[in-house]
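The sequence and the model are shown first.

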Amino acid sequence: MGSIIDIARKDLKLLTRDKGAMFFLFAFPIMMGVFFGFIYQGMGKKSSGGIKIAIVDNDQSEMSGKFVEHLKANENLTVVELPLEQAKQKIRDKDLVGVVVVTPGFGENAGVLWSDQPAKIRIGKDPSRMAASAMLEGYVMESVGQLIPERLSDVNSLRGTIEKQRDQIKNDPDIPAPSKLVLSTMFGSMLTFFEDLNAVQEDQSNEEIQENAPSFQLAEIESFDAFAKQGPAVQDRIKSGWDISFPSAILWGVMGCASGFAISLVRERSRGTLMRLQTAPITNTQLIAGKGLACFTAILAVVGFMTVLGIALGMRPEQPLMLIISAMFIAFCYVGIMMAMSVLGNSEEAVGGAGWAINVILAMFGGGMIPLLFLPNFMQTFSNFSPVAWSILSLEGAIYRGFGFSQFLKPWGILAAIGIFGFAIGIFVLQRKKS
Amino acid sequence: MNNDRLIVECQNLVKHFGEICAVDDLSIGLREGETLGLLGPNGAGKTTAINMMIGLVQPTEGEVKIADGLAPKDREARNMIGVAPQSLSLYEDLNGEENLAFFGKLYGLRGSQLKDRVQWALDFAKLQDRRRHLVKTYSGGMKRRLNFACSLVHDPKIVLLDEPTVGVDPQSRNHIFDGVEQLQQNGLTVIYTTHYMEEAQRLCDRVAIIDHGKLLELDSVDHLIERYGGNSVVTGELAKASSGFELPGKLDGLSWRMESNEPIAEIAKLTNAGIDFTKLQIAQPDLESVFLSLTGRSLRD
């Protein structure tokens, strides 16, 4: 055990004296974490703003005004009123995600359930931001839905609409006489109902009306965390954007460690020190274990450092113990990956290049660059093969996903399996090279 | 020290790398306390032979025994051996003291024993004043000395020095020679590979001449020269043309050349006969001549 610790201490000492390696271990992950932390600020519970859009109200009616108000009240949107051409230019400049154009006549039909002419809205989109555009469509439909109770509570406006509809049906030659009779009777009953309702409301104070007014929603949507067995939804657990950005940032530090130590093993060979190590009275296993211990320790140091930094910025891990255990599984996994990477080539350049290429691909497919949510389906499928995805999931489970112990077992198990597999490859190839 | 005890014994070593036969039926026995030189040109198989002796390379055939029948990979055997590889094997981002301490720890040295041995090694390498400086700031000669010292820090019984003077300045080279002689005085067994014949001639008790993986001859330097070196070559310029006296050798104008196994006696005879020389030079046979005689080509070809 003494030799293993001696080798690990020597490697850690060498690591601290390598400025390039220290940059990739600490400075680079901090930059990633801080950069994406600011980007994800909008996803935190206390955040404001989100998708930036422009609105062009070409109707200028009372209902279109209410629609614009509903959009502006949505905390996931940042809405500015702009002329259409200016809005389009800002979309091209990537300043806005889209523009919502309220067309003339919108106010007549918006929120009317029985209208044969639906209220018309046009949405100008950025083709390169389809996910955000799809979200925008949802928010627009939500705001239109909010106009229905507005419409029902305005009896005078409602009466005019009903009378107009009744006259249209009466004068429509294509509707058979029995159908006309049924529809005229129904509209007549509706007029009587809303006039009686109006009379009751006139006898009550405005406050009473507000309290007792009938509410209307197309549907009440409540978010819940499909991963968490109990407790509030993910959206409510996220304290700040740092909760989201730091797991990825930590992974960049971990990948830096793995790449650095993979190169260090080849460096031992290219600089001749491997010969001294192999002629000393230590076994190959002790040598490998020493390297692994150094890598493991460095990864834990990176995770620890990044966690402390994240906490200082506002990250609030819900389960510190689970975070520590997750860090250990991640460290074990990446020590295995380091072992496999170290035998990819015979030169520092080959191993360094291949190591980073592998890391970038794993990060790309694993959500280390862009959150999995925004990746195409096939890439999300491939993420199951990336240790980055499982590492981030286990960190998120401890930070804000509210995982129960059993939910950690899957990512931990996969990380351990990848680690063992990497170890096996590394030792097998190393033995073959030696012989 | 028992001069008859074989401390390293190579028996019929063969090593193939694919189609290439790097070492071909090499048998060498090394006595305790002696210095054996492995002399041969680059690519002769010296380093492969050494790597088999220290267990880094597995022989295709044959075996190596260390001390009383230990295999080179045995822990006890490894503790007895120190290796100074041909390429510098140092951590450039550690200082000299840290390098020595790390390698000492690998051999189980701890505490005051480690401290004492590191100090001894720093003195040996004459690097006390630079011990806290990173190795990457050392000169080539300093690195070579530290490389040598790292192989001795654990106090081995056998030291393998693989081309220890390659690329060093004359001062460091002399220091390395002094170091080897100090080890000899302390009774260490030294295996010294080189392609510099003067080093082998100065330092080695016996020399093994290797070429194309084969052991051509193994003997003391004097015996090798006696057997294969041929005669000394005497060249000179006569002061004036000799009259009536038949000079041995070959005369071309006033230039004279002769081969003899007793050159001094021959010259004395000529001067007694009244022959005057303006210039006289005696070239004694050396290992270069031995190698030339054994292989038909120069060691440096």
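Across which strands of chain B does helix α1 lie?

## Helix α1 and the sheet of chain B

Helix α1 (residues 46-53) of chain B lies across β1, β2 and β4 of chain B, at about 120 degrees to β1(B). Axes are lines fitted to C-alpha atoms, for helices over the stretch in contact, with angles from 0 to 180 degrees between N-to-C directions; contact means heavy atoms within 4.5 Å. Helices (H or I, at least four residues) and strands (E, at least two) are DSSP runs, numbered from the N terminus.

An open antiparallel sheet is formed by three strands in the order β2-β1-β4 (chain B), where pairing requires at least two DSSP bridges. Because β2 (20-31) and β4 (61-66) of chain B are edge strands with a single partner each, one side of each has no neighbour in the sheet. The twist from one strand to the next averages 15 degrees. Strand β1 (residues 6-17) of chain B is joined to β2(B) by eight bridges, and Lys15(B) is opposite Val23(B).

## Helix packing in chain A

The axes of α12 (residues 241-270) and α15 (residues 320-342) of chain A come within 8 Å and cross at roughly 40 degrees. Contributors to this contact include Leu251(A) and Phe261(A) of α12(A) and Tyr334(A) and Met338(A) of α15(A).

## Basis of the model

The model is predicted: local features need pLDDT of at least 70, side-chain atom pairs count only at pLDDT 80 or more, and totals for chains, interfaces and linings use all residues. Residues are numbered from 1 along each chain as its sequence is written, chains are lettered from A and ligands numbered from 1 in the order written, and side-chain values use heavy atoms, without hydrogens and water.
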